[in-house]
Protein chains: 2
Amino acid sequence: MSILTRPILEINLDSLVENFQALQKISGKATAAAVVKDDAYGLGAVKVAEVLYKRAKCRHFFVAHAVEGKEVRAIIPDAQIYVLQGMGRDSLSDFEEARLIPVISSKEQLAYWKEHRIPGIKPAINIETGLNRLGFREFDLSELSEDDKKEFSLVMSHLACGDAQGHFMNQHQLDMFIFLKETYFPKLPGSLSASDGTFLGEGYLFDMVRLGAAMYGINTAPYRQNQMKNVITVKAPVLQITDLPKGDFVGYSATYRANANRKIAIISIGYGDGIPRSLSNVGKVFFNLCDKLHEARILGRVSMDNIVCDVTDIKNLQVGDMAHLIADFYTLDDMGRDAGTIGYEIISRIGKNNRFIRHYLGDDSQ
Amino acid sequence: MSILTRPILEINLDSLVENFQALQKISGKATAAAVVKDDAYGLGAVKVAEVLYKRAKCRHFFVAHAVEGKEVRAIIPDAQIYVLQGMGRDSLSDFEEARLIPVISSKEQLAYWKEHRIPGIKPAINIETGLNRLGFREFDLSELSEDDKKEFSLVMSHLACGDAQGHFMNQHQLDMFIFLKETYFPKLPGSLSASDGTFLGEGYLFDMVRLGAAMYGINTAPYRQNQMKNVITVKAPVLQITDLPKGDFVGYSATYRANANRKIAIISIGYGDGIPRSLSNVGKVFFNLCDKLHEARILGRVSMDNIVCDVTDIKNLQVGDMAHLIADFYTLDDMGRDAGTIGYEIISRIGKNNRFIRHYLGDDSQ
C-alpha cells in the first residue's frame with residue numbers, strides 16, 4: 001500500500017504523432033496543418049508543436065490567439081503559424097514579433113490589416129459557407145476590390161456538421177465553398193476541412209486540412225469505430241476506503257442515499273481538475289486489479305477536489321490504488337457522452353490544471 | 001471602432017478583501033482562514049494569498065494539494081498552510097520544504113504521518129460527520145491511542161448542506177461534530193464551517209472558519225440576497241456583426257435555425273476560455289451601450305473559441321465593443337444556474353485559461 005494524493009495526466013506523444021500521420025495519409029496531397037490552439041487542447045502547445053515539427057515534419061500550425069502563436073514560435077522557427085481569431089490592437093505586437101499569419105474574417109479586420117501590414121506575411125481569408133460564425137459573407141466578398149483580393153495567400157472555411165456523414169449541410173457547404181472560391185479567389189489554395197471533414201472524402205480536402213480533435217484522439221467520425229489512438233490517460237489515487245451504512249447520504253446537498261450498506265472509495269480528483277460536475281451520480285471510474293477491469297459508479301456530487309465512488313463489489317482494492325478516469329477503454333468521448341457534452345470540452349479543461357503530475361510518454365518525452 | 005481579439009478577466013482585489021473582512025466580522029472570535037486551493041479558485045493563489053496576508057492580516061490558509069501550498073509559501077512566510085488532501089509519497093518533499101500542515105483524514109494517512117513526521121508541524125485531523133467524503137469515521141476514532149490523539153493541533157469537519165438554512169443535515173452534523181470532538185478531542189480547537197456555515201449562526205463557528213467561495217463572491221447563502229461583492233468580471237470583444245437570413249443555421253450541428261431575419265454578433269470567447277458549452281442556445285451575454293444594458297441570447301453551440309449571439313434589437317453595437325459574460329449584474333451564480341451547475345465550477349474553470357488578458361484591480365494590483 002502506498003499513500004498518494006495527486007492525480008496523474010499522461011500524454012502519449014507517440015499516439016499523437018501516429019494519429020497525425022494517419023490523418024496525413026488520409027489527406028493525400030493536401031498539406032496537413034496541426035491545430036494547437038487552446039494550449040493544444042490543454043495538452044501543452046509547445047510540447048505538441050515541437051513533436052509534430054520534429055517527427056511528422058509538420059510546418060503549418062493553427063492557433064486561435066496570437067498569444068498562443070507567440071508561445072510556440074520559439075520551438076518552430078520556420079513554420080507557418082495561422083491565427084484564427086485574427087489580428088487586433090490587443091495582439092498586433094505579438095503578430096509582429098512572432099511573424100504570425102492572421103486569418104482575416106471580416107471587412108473590419110481587413111481594414112485593420114491594411115493599416116498594419118507585416119512585411120513578408122500574407123493573411124488567410126475566412127469565408128462563411130453555413131456555420132454562421134466568423135467569416136466573410138458573399139455580400140462582403142462582392143465588395144472587395146481586386147487589390148484587396150491580392151492580400152491573401154489562402155482561402156478557408158469551416159464545416160458545421162462534418163462529424164455527421166451524409167448531413168445535408170456538408171454538401172451545401174462544399175458547394176458554397178467551391179462557388180465562392182472559384183468566383184472570388186480562383187487561384188488561391190483552399191482549406192475547408194478540420195479533422196472531421198478529412199473523413200468525408202477527397203472532395204473535402206482541397207489544398208490544406210487543419211487537424212486538431214482527431215489528432216488528440218477524439219472520434220470526429222462518430223458514425224463508425226474510432227480510427228484514432230487514445231492520447232491521454234487520467235488517473236487519481238484512492239485516498240480512503242470506508243463503509244457507507246444504509247440510509248447515509250453522500251456529498252454536497254445529500255443527493256445520493258444508500259439503500260443498503262455499501263463500501264465507498266474517496267478519489268483525489270474533482271471538478272477543480274477538470275472532471276465535469278455533471279458526472280455527479282452518473283459518471284464512473286475504473287480500477288484495474290489483477291488485470292481485471294472493475295467499474296465503480298460515482299456517488300453524489302463531484303466536488304472540487306474529490307469524488308466518491310461505489311466499490312462495494314471490488315475486492316482487494318487498497319488505499320493508493322489508482323482510479324482510471326480517462327483511458328483507452330473509457331475515452332474522452334465516453335466521458336463527454338456521460339457528462340452531457342463532447343470530448344473536446346473535456347480535454348480542453350483537464351490539461352489546464354497544475355495539480356496533475358503530468359507525464360509525457362513516448363520518444364520525445366525527455 | 002477598435003479591432004480587438006482577446007477576452008478580458010478582471011479580478012477586483014478590493015472586493016475580495018472586503019468580502020473576507022465582512023466574513024471575518026460575521027465569524028466573531030473564530031479565526032478566519034482563507035481557502036486558496038485550486039489556484040484560489042482560478043484567480044491566482046499567489047496574488048490572493050498575498051493580498052489577504054498584507055491587507056486582512058490573514059495568517060491561516062487552506063489548499064487542497066501540497067503543490068499549491070508550496071506555490072504560495074514564498075509570499076506568506078510565517079502563515080499556517082493546511083493541506084486538505086493530506087500527505088503522501090508524492091507530496092512529502094513539498095510538505096517538508098514548504099513547512100505545510102497536513103490534514104489527516106484516515107488511519108492510513110496517520111500511519112504515514114507517524115513514519116514521516118515533520119519537526120515543528122502538528123497536523124489537523126478531519127472527522128466525518130455526514131458528508132461521507134474524506135475523514136475519520138467514529139469507528140476509526142475509537143481505535144486511536146492516546147498518543148495518536150496528541151499528534152493533532154486542530155479537529156475539523158465539513159458540512160454537506162451548509163448552503164440550505166434549516167436543512168436537517170446541518171443540525172445533524174453539528175451534533176455529531178460536538179459529540180465526536182468532546183469524546184475524542186475535548187481540548188483541541190475545532191473547525192466545522194466553510195463560507196456557507198458561517199451564515200448558519202454562532203454555534204457553527206467554533207475556533208476557526210475556512211472562507212473560500214463567499215470570499216470569491218459566490219452566494220453561499222442562496223436563501224437570501226447575496227451579501228458579498230462580485231469579484232470577477234469577464235468580457236470579450238465582438239469580432240464581427242452580420243446578418244443572419246431567415247432559415248439559416250448557427251454553429252456546430254446546426255442546432256439553431258433563424259425563424260426570421262436576424263442580426264448576430266460573433267464574440268471572441270468560448271469553452272476553451274472556460275465558458276460552459278452547456279450555455280449553448282440558453283446562455284446570454286450583455287452589452288452596456290450609452291449606460292443602458294442590453295441582453296443578447298446565445299445562438300447555437302458554444303464553440304471552443306467563439307460564441308454567437310442575437311443582437312437584432314441592439315442598435316449602435318460595433319465591432320470591438322465588449323460583451324459582458326460575468327459582471328455585477330450577471331454573476332458567477334447566475335451563469336452557474338443557466339449552465340446547469342454552480343458558480344464554484346464556473347470560477348474554477350475560467351481563471352485557468354491563459355488567453356485572457358488578466359487585470360488585477362484594487363490597491364494591490366501593481
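In the predicted model described here, both A:K235 and A:E10 are buried, a residue being called buried under 20% relative accessible area, exposed over 50% and partly exposed in between (1.4 Å probe, protein chains only). The side chains of A:K235 and A:E10 form a salt bridge with an N to O distance of 3.2 Å. This pair joins distant parts of chain A, with A:K235 in strand β10 (residues 232-244) and A:E10 in strand β1 (residues 8-12), 225 residues apart. Salt bridges were assigned where a side-chain nitrogen of Lys or Arg lies within 4 Å of a carboxyl oxygen of Asp or Glu. Helices (H or I, at least four residues) and strands (E, at least two) are DSSP runs numbered from the N terminus. Over all chains, the structure holds 42 salt bridges.

Residues are numbered from 1 along each chain as its sequence is written, and chains are lettered from A and ligands numbered from 1 in the order in which they are written. As the model is predicted, local features need pLDDT of at least 70 and side-chain atom pairs count only at pLDDT 80 or more, whereas totals for chains, interfaces and linings use all residues; side-chain values use heavy atoms, with hydrogens and water left out.

A further salt bridge in chain A pairs A:D140 with A:K107, the closest N and O atoms being 4.0 Å apart. Here too distant parts of the chain are linked: A:D140 belongs to helix α7 (residues 138-141) and A:K107 to helix α6 (residues 107-115), 33 residues apart. A:D140 counts as buried because its relative accessibility is 10%, while A:K107, at 43%, counts as partly exposed.

In chain B, the side chains of B:E151 and B:R117 meet in a salt bridge at 2.5 Å, N to O. B:E151 lies in the loop between α8 (146-149) and β7 (154-156) and B:R117 in the loop between α6 (107-115) and β6 (124-126), so the pair ties together parts of chain B that are 34 residues apart in sequence. With a relative accessibility of 12%, B:E151 counts as buried; B:R117, at 43%, counts as partly exposed. Elsewhere, shared partners join A:K37, A:E68, B:D273, B:D305 and B:R355 into one salt-bridge network.

Between chain A and chain B, about 6,400 Å² is buried, 52% of it on carbon and sulfur atoms; this area is the accessible area (1.4 Å probe) that the two parts lose on being put together, summed over both. The contact (heavy atoms within 4.5 Å) takes 76 residues from chain A and 77 residues from chain B. Six salt bridges are found across the interface. B:E68 and A:R355 form a salt bridge through their side chains, at 3.1 Å, N to O. Elements of chain A that give two or more residues to the side touching chain B include α2 (37-41), α4 (66-73), α9 (168-184) and α12 (343-350).

Chain A can be laid on chain B with an RMSD of 0.0 Å by a turn of 180 degrees and a shift of 0.0 Å along the axis, the superposition being by least squares on the C-alpha atoms of residues with pLDDT of at least 70 in both copies. This is the relation of a two-fold axis. The same surface serves both copies, as 100% of the contact residues of chain A recur in chain B. Of the residues of chain A, A:K352 comes closest to the rotation axis, its C-alpha lying at 3.1 Å.
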